[in-house]
Amino acid sequence: MGRSTPMVRSRREWYRTARLLRRQLGRRRNRAGGVRTISELRTRVITGIDGRQDTVAPAAGSIATEPRPADGGRLLGNRSRSAARSRTSPLPLLGVWFFRGLLVIPFVLMAPEIIALILGRPDSVANVSASTADVLGTSSFLLFVMMLTVTPVHTLTGWRWHLILRRDYGVAMFFTAGTDLTLAALTTGDTFPGGPLGRIAGHTFLVFGTLSVFLLIPLALTANRRAMHWLGGHWRSVQRLTYVLWLTILIHLAFLFGLSSIFLDALAVSAPLALMRLPAVRRWWHAARRARTHRLLRVGAAVLLIGLFSVGYTQLVAELATKGGAAFVQRPPSD
Amino acid sequence: MHDGLDAYAAMKRRRRRARRSMMLLALVCAIVALGLGAFQLHAEGLSQFLYRAPGVGASK
């Protein structure tokens with residue numbers, strides 16, 4: 001009898017939460033045309049709030065992770081009001097579409113050379129061979145970095161409008177890296193002997209580049225809501241392959257560039273992103289931000305981390321701008 | 001009550017199977033990539049496999 005009381009209480013709390021949810025979201029229809037169940041509504045509200053996955057996959061539609069107990073009912077009140085505000089404001093939408101617009105840049109830069117290749121123009125194979133790694137390879141890494149930046153930005157600022165970009169950048173990276181691998185297999189015969197296999201796996205750095213692209217396949221396949229429902233709570237563990245991918249990309253760059261240039265830039269952008277993912281750091285930052293404490297320390301750390309990130313990131317963007325511009329006018333640097 | 005529990009258990013089984021499938025796919029992808037590398041290493045020799053001439057693979 002003594003044990004039944006907490007159960008009744010928790011059930012009452014659950015029904016209160018359910019009623020609150022119904023009031024906030026209204027009676028909505030699910031895909032099957034029926035009224036959405038409480039769990040569906042709850043999933044929708046919670047996942048709009050808690051986008052903490054470090055993954056290639058959707059933030060806005062993720063499978064319900066349990067709400068943090070400290071948030072309780074307050075989470076459903078204050079945050080849904082702020083979410084409603086952000087829904088009505090055009091700025092987040094503009095921001096999302098601005099950052100989505102950046103995704104076409106690698107394809108725009110490579111388009112003239114690819115069109116020339118399809119039309120069979122002279123020198124087009126040599127041009128694509130010289131440009132593909134520089135343009136699409138650097139772009140893929142930049143997209144990967146952008147995808148990894150989404151979660152630390154959420155930790156630093158508490159913003160949520162950009163969480164959907166994690167999936168967009170992940171999927172865009174898959175297509176960019178896939179195009180890079182395909183073009184390399186087709187056109188780099190002048191530099192790598194041994195046929196298409198030699199062009200994608202004939203060197204240490206090529207093996208790790210190919211491995212990285214192949215590891216993107218399960219990540220891209222599960223970057224949708226259907227896969228999230230299919231995998232349930234295991235979805236996150238599948239998406240943790242992202243960290244293996246991160247490692248293989250760094251090994252690829254280390255073999256390719258050694259301890260210089262782009263590899264050091266990659267380390268410079270990776271270090272702050274990795275640091276902000278440490279559970280202890282993330283928990284402390286979330287708590288300090290909510291409690292509005294340690295402001296000076298947080299600002300100092302943010303400046304330091306953003307500074308280090310910017311050093312590497314600007315170099316990578318400059319590299320893409322130089323090589324991408326040359327590819328666009330079909331005058332790639334000769335090897 | 002039992003039907004609900006059975007359905008829940010079936011869902012859990014299905015999701016575990018789904019996870020295994022995706023992990024298996026990832027493993028196959030990794031094995032294919034590393035297998036291609038091993039094949040090339042065997043075909044071309046270690047020095048060719050390790051050595052990268054300046055400008056090969058990237059213009060830097």
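Because the model is predicted, local features are reported at pLDDT of at least 70 and side-chain atom pairs at pLDDT 80 or more, while totals for chains, interfaces and linings use all residues. Residues are numbered from 1 along each chain as its sequence is written, and chains are lettered from A and ligands numbered from 1 in the order of writing.

Chain A is built with 15 helices and 0 strands; here helices (H or I, at least four residues) and strands (E, at least two) are DSSP runs, numbered from the N terminus. Of its 335 residues, 38% count as buried. A residue is called buried if 20 or more other C-beta atoms lie within 10 Å of its own, exposed if 12 or fewer, and partly exposed in between, with C-beta atoms placed from the backbone. Contacts are defined by C-beta atoms, again placed from the backbone, that lie within 7 Å. Among contacts in chain A with a separation of 6 or more, 68% join residues 24 or more positions apart.

Leaving aside residues up to four places away in sequence, Leu216(A) touches Met173(A), Phe174(A), Ala177(A) and Leu245(A).

Helix H6 (residues 124-157) of chain A also packs with helix H13 (residues 261-275) of chain A, at an angle of about 20° and with axes 10 Å apart. Axes are lines fitted to C-alpha atoms, for helices over the stretch in contact, and angles run from 0 to 180 degrees between N-to-C directions. H6(A) and H13(A) are therefore roughly parallel to each other; angles under 35 degrees count as roughly parallel, over 145 as roughly antiparallel, 65 to 115 as roughly perpendicular and the rest as oblique. The crossing of H6(A) and H13(A) is left-handed, a label used if the near helix is turned anticlockwise from the far one by less than a right angle, with right-handed used if clockwise. From H6(A), the contact takes Phe141(A), Val145(A), Leu148(A), Thr149(A) and Pro152(A), and from H13(A) it takes Ala266(A), Val269(A) and Leu273(A). By class, these residues are 7 nonpolar, 1 polar and no charged, with Ala, Val, Leu, Ile, Met, Phe, Trp, Tyr, Cys and Pro counted as nonpolar, Asp, Glu, Lys and Arg as charged, and the others, Gly among them, as polar.

Helix H15 (residues 295-328) of chain A contains Lys323(A), which counts as buried because it has 24 C-beta neighbours inside 10 Å. The C-alpha atoms of Lys323(A) and Ala133(A) are separated by 9.8 Å, although these residues are 190 residues apart along the chain. Other buried residues of H15(A) include Phe309(A), Gly312(A), Glu319(A) and Leu320(A). The buried residues of H15(A) pack against H5, H6 and H13 of chain A.

Asp123(A), in the loop between helix H5 (105-119) and H6 of chain A, has a positive phi of about 70° although it is not a glycine; Asp123(A) is partly exposed, with 13 other C-beta atoms within 10 Å. Gln330(A), in the segment after H15 of chain A, has a positive phi near 60° and is partly exposed, with 16 other C-beta atoms within 10 Å.

Turning to the interface, the contact takes 36 residues from chain A and 27 residues from chain B. Helix H1 (2-44) and helix H2 (46-50) of chain B each supply at least two residues of the side that touches chain A, and H1(B) gives the most, with 18 residues. That side of chain B has 16 nonpolar, 5 polar and 6 charged residues.

The crossing of H9(A) with H1(B) is right-handed. Residues in this contact include Phe214(A) and Leu215(A) of H9(A), and Cys29(B) and Val32(B) of H1(B). The residues of the contact of H9(A) with H1(B) divide into 15 nonpolar, 2 polar and no charged.

Terms used:
Two residues are in contact if their C-beta atoms, placed from the backbone, lie within 7 Å.
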